[in-house]
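Take a moment with the picture, then follow the notes below.

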Amino acid sequence: MEFAELIKTPRVDNVVLHRPFYPAVEGTLCLTGHHLILSSRQDNTEELWLLHSNIDAIDKRFVGSLGTIIIKCKDFRIIQLDIPGMEECLNIASSIEALSTLDSITLMYPFFYRPMFEVIEDGWHSFLPEQEFELYSAATSEWRLSYVNKEFAVCPSYPPIVIVPKSIDDEALRKVATFRHGGRFPVLSYYHKKNGMVIMRSGQPLTGTNGRRCKEDEKLINATLRAGKRGYVIDTRPLNVAQQARAKGGGFEQEAHYPQWRRIHKSIERYHILQESLIKLVEACNEQTHNMDRWLSKLEASNWLTHIKEILTAACLAAQCIDREGASILIHGTEGIDSTLQVTSLAQIILEPRSRTIRGFEALIEREWLQAGHPFQQRCAQSAYCASKQKWEAPVFLLFLDCVWQILRQFPCSFEFNERFLIVLFEHAYASQFGTFLGNNESERCKLKLQQKTMSLWSWVNRPSELSKFTNPLFETNNLVIWPSVAPQSLQLWEGVFLRWNRTSKYLDEAYEEMVNIIEYNKELQAKVNILRRQLAELETEDGTPDSP
Amino acid sequence: MEHIRTPKVENVRLVDRVSPKKAALGTLYLTATHVIFVENTPDTRKETWILHSQISTIEKQATTATGCPLLIRCKNFQIIQLIIPQERDCHDVYISLIRLARPVKYEELYCFSFNPMLDKEEREQGWMLIDLGEEYQRMGLPNSYWQLSDVNRDYRVCDSYPTELYVPKSATAHIIVGSSKFRSRRRFPALSYYYKENHASICRSSQPLSGFSARCLEDEQMLQAIRKANPGSDFIYVVDTRPKLNAMANRAAGKGYENEDNYSNIKFQFIGIENIHVMRNSLQKMLEVCELKSPSMSDFLWGLENSGWLKHIKAIMDAGIFIAKAVSEEGASVLVHCSDGWDRTAQVCSVASLLLDPHYRTLRGFMVLIEKDWISFGHKFNHRYGNLDGDPKEISPVIDQFIECIWQLMEQFPCAFEFNERFLIHIQHHIYSCQFGNFLCNSQKERRGLKIQERTYSLWAHLWKNRADYLNPLFRADHSQTQGSLLLPTTPCNFMYKFWSGMYNRFEKGMQPRQSVTDYLMAVKEETQQLEEELEALEERLEKIQKVQLNHTTVKSKQSEPSRHSGFSTSDNSTANTPQDYSGNMKSFPSRSPSQGDEDSALILTQDNLKSSDPDLSANSDQESGVEDLSCRSPSGGEHAPSEDSSKDRDSDEAVFLTA
């Protein structure tokens, strides 16, 4: 298919662009296969460069022959284009609609994007599972890499390489896979070096109504326990939901069959409930109401912060089991690809200082989201303005990023990255020139040959010029476990994402700049003083007789 | 002390607010000024001091097997729960505190016994730090339009006004006195703020006694005089800060509001801010939300909305913004009043002044602002904040709301203020503490009668002395945010008003961010200053040496010195990192493990955000009352990042104090 077929009117003059907090701009609108571009003719400076894949929904209306297209983006921005001429407007609108909802992944921009920067480090090879495992293998020999899923035959949503207990062979893993939802047998998610406790994750056990059991499964997870120790299974579903799952062949670990494990049920929402929450929240943020009370009730009614609190609480509980109780844990919900990953990754943010660094956080996303098989393609297909409510669309990853932001706000000096980094990850998860978030799992990414055909987000992000934008100037290594507060008073709306287009950030940006200046100036002086001290010391040594102060 | 029935009770338990199963065992002391709880733990002997004047309510709860619980709620939002073994002791403590918390005469208040060991001269200088005469000069007064009037000499016209007031030059004594007779409590229109850029002014008064039809020629002349004092505008705004319904109801009582037909060239405007009773109830409701034990997000947001608190904050801000815009953008003078003109009027005039004039956003300027619009203009501190036993219906968080408005602005304009959040919190604390004389009484007249300045100390001098603790590191005098008026967005953005947990939950340390950006940056700036000095000294020395040994060329390599940069850790390395109770009511979570014991302790043990420069501000203090304040500060001063204070445990603090 040629994009040209979809673009009936590639270019319209005298289009007026309206954006909040900017003066209206008149210019020429151009449509390309992947972008909507508006530039004002006067000075030819670029005014708008929007990926079609960032467009969530469009509205059009007409007053006489003047058409207006309102574009609602997946990053929650709303812009308005006034287009003279009804035909032009209709053509543009239908092109945008077609181009922003392309069916085939291989037609997406990452397959056409050619980077304008030199690749210093290929991000596709930055976080190989073997390297990540090496970090653990120095501390423990109880675990091994398994290639049982090399052909994605045992578990289609797992990566080819997983970490499992050393004492369990691949044959047993195959058996366990048949007992777990989607073949997701328990694998290692995190090893706590301080006390050797681990986080494992999996899909739900397929016990069904007749209480089916699997010896290999029991053996596998028991193999992770130290002698005489007990572990916890954290089921991210409430008990009644877990019980209902049995009717559909799912279920949970019966205490009778797993006597060394204690089960804790948490309730983290999933699917359309989250998507609806996002829709309500963004709607509330966009509404310029005159009434304070309505804002608070709409914020409350969206339940977004309730979800944040639930997810964070479960993650804290998991971290507490590991660090305070000295107990290993297994985490799963139903499929083990949504709430499970929220909990395992946030628990690591709390427990593991490395995951609070830029590279460590990238590695975390690579391990716990991309390789762990979070279906980005499905979950991030649409955002807050979507009309077609599909069951598989849900802001699971955005909720995770929001939770990280909440912890960052409570520990502003303990993260190497800043809020901007989190926002960029959010943007790229929904629309990107990079291939990183394409596909739903490693198997799909492999088939798409993303590594050969697209650029990795990490290749771009990890360039020194970009990194400096994402580095938190307040960062100081904090090797401790950080325990966030989950009290409602401590949780806030993430303004940087949700109010980004509804309020000017000028004063906050200035404050950030000032903060950077204060710290940069200090470092500069530090360097100068060190040089002078050295010079002085050299001179004084030569002299043999350092003069008295 | 005749009111203390029992000065000491042993084996009292101080209950941890967050995990009630945990309680510290210790001894309770009642002194003339404080309730003191000393923990038995021999190595820490942690102390908790509560000023009697901070006590808001005392509640004796039903006796249980462990003893008789006593719940003390403080005006600075601290909540203390004690369990006293014997019912009789509890009753004695209860009766004593009821009396001690409700003094009947000013002489019983703490400021009359508080002695920070300053000599007479220092005390007098302290009182001279903030000088309203200077402030009016700074505004550019007197000038050809405004003059200082002595009409209220000896409080002859209005006993709740100060003696020195600025009025339009054309307003004769006859006009002023005439106008005062037409205004509630004779609070005639007087100048609050003069905007010298365009001659527009903010004036304030009480409501006119207009009833349904009454007029007063002098009052009309007075408003005309205010208009004429601003040659740039041919009208003035009259802003009634009450809801229209309230103002109309007042007419039936012979009071009311200005009739546009009777006054020439006025634009009359209602801005609905609710009265003190609504505000008191609103705060009460919000505090109930803050007190909820592990509330859900919905409980909290719903309760916050239901309290209406943020709606009221926004109403006050909206009024301030309206006036600031009228003055700066339209160049029109504004007369502001409510009923008596000492609550809402004070809030609105001071918010508007602060939006207009960057001086009020500095440390000293903010003190001046409170001195001007609150203290001198007769805001009834004693009645509103219940310093002496009085009518509970008079109590209302009027200045608390003003302080919160400033915090909301600080959140939106982080570089615009010279002071930080801590400054606001400490001022709020001292409005209730009665440790300093500034906020005593209901009027200047009363304060002079009591000879406050000769018998007590000034808070402003105390804050000024410790100003290093109150600086905002992001403030720079030449920054664009510190110039001119603060431009607020024209569209109403409700989401800009947020719950202030740093104030209302400030004793729940675990709820606050565990690392303070302010403290971190202040430590960096302090180090920067030392580096600048060192750099200068090094350059000098280098120059000297180079002169001496010009011809030496051989250079031996030497390892660079390790950086002095020792880190500015702002987090408490041990105690801040304690998990809270995340398991909620989970039955399945066992409670057998020994480590379970500390999991709940986070909220008490975590870093003490407040510096210990104020004994009563840090909830636990090792100080004896009246001892030199400074001794409690870390004597290490420049050597340590100030933030390290916050991470000190009681142990080291005590040691510091003892050796100081």
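Predicted model: local features only at pLDDT ≥ 70, side-chain atom pairs only at ≥ 80, totals over all residues.

Let's start with Pro142(B), which sits in the loop between α3 (132-139) and β8 (146-149) of chain B. (Helices are DSSP runs of H or I with at least four residues, strands are runs of E with at least two, and both are numbered from the N terminus.) Pro142(B) is joined to Leu141(B) by a cis peptide bond, with omega at about -5 degrees.

Residues are numbered from 1 along each chain as its sequence is written, chains are lettered from A and ligands numbered from 1 in the order in which they are written, and side-chain values use heavy atoms, with hydrogens and water left out.

- Phe21(A) isn't a glycine, yet its phi has a positive value, near 70 degrees.
- You'll find Phe21(A) in the loop between β1 (11-18) and β2 (25-31) of chain A.
- With a relative accessible area of 48%, Phe21(A) is partly exposed. (Buried means under 20% relative accessible area, exposed means over 50%, and partly exposed is in between, using a 1.4 Å probe and protein chains only.)
- Cys434(B) is another residue other than glycine with a positive phi, here near 60 degrees.
- Cys434(B) belongs to the loop between α14 (421-433) and α15 (444-450) of chain B, and is buried, with a relative accessible area of 2%.

**Salt bridges**

- How many salt bridges does a search of the whole structure find? Over all chains, there are 55. (A salt bridge is a side-chain nitrogen of Lys or Arg within 4 Å of a carboxyl oxygen of Asp or Glu.)
- One of them pairs Arg379(A) with Asp338(A), and their closest N and O atoms are 2.8 Å apart.
- Arg379(A) is in helix α12 (residues 376-379) of chain A and Asp338(A) is in the loop between β14 (329-332) and α10 (339-351) of chain A, so this pair ties together parts that are 41 residues apart in sequence.
- Both ends of that pair are tucked away: Arg379(A) is buried at 2% relative accessible area, and Asp338(A) counts as buried at 6%.
- Lys506(A) and Glu510(A) form a salt bridge too, with closest N and O atoms 3.5 Å apart.
- That pair lies within helix α20 (residues 506-543) of chain A, where Lys506(A) and Glu510(A) are 4 residues apart, about one turn of the helix.
- Lys506(A) is partly exposed at 43% relative accessible area, whereas Glu510(A) is buried at 14%.
- Over in chain B, Arg455(B) forms a salt bridge with Glu107(B), and the closest N and O atoms are 3.4 Å apart.
- This pair links distant parts of the chain, 348 residues apart: Arg455(B) is in helix α16 (residues 452-455) of chain B, and Glu107(B) is in the loop between α1 (87-100) and α2 (120-128) of chain B.
- Salt bridges that share partners also join Glu495(A), Arg503(A), Glu411(B) and Lys498(B) into one network.

**Surface patches**

- Which residues make a nonpolar surface patch of about 240 Å²? Phe62(A), Met86(A) and Leu90(A) do. (Patches are made of residues with over 30% relative accessible area and no salt bridge; like charges are joined within 9 Å, and nonpolar side chains, meaning Val, Leu, Ile, Met, Phe, Trp and Tyr, within 5 Å. Accessible areas come from the Shrake-Rupley method with a 1.4 Å probe, and for residues only the protein chains shown count as cover.)
- Leu90(A) is in helix α2 (residues 86-99) of chain A, and is partly exposed at 38% relative accessible area.
- A patch of negative charge on the surface gathers Glu532(B), Glu533(B), Glu536(B), Glu539(B), Glu540(B) and Glu543(B). (Lys and Arg count as positive, Asp and Glu as negative, and His and the chain ends are not counted; a charge is placed at NZ of Lys, CZ of Arg, CG of Asp or CD of Glu.)
- Glu539(B) lies in helix α19 (residues 517-548) of chain B, and is partly exposed at 41% relative accessible area.

**A threonine and its contacts**

- Thr362(B) is in the loop between α10 (344-356) and α11 (363-376) of chain B, and is buried at 18% relative accessible area.
- Leaving out residues up to four places away in sequence, Thr362(B) touches Glu418(B), Phe419(B) and Phe475(B). (Contact means heavy atoms within 4.5 Å.)
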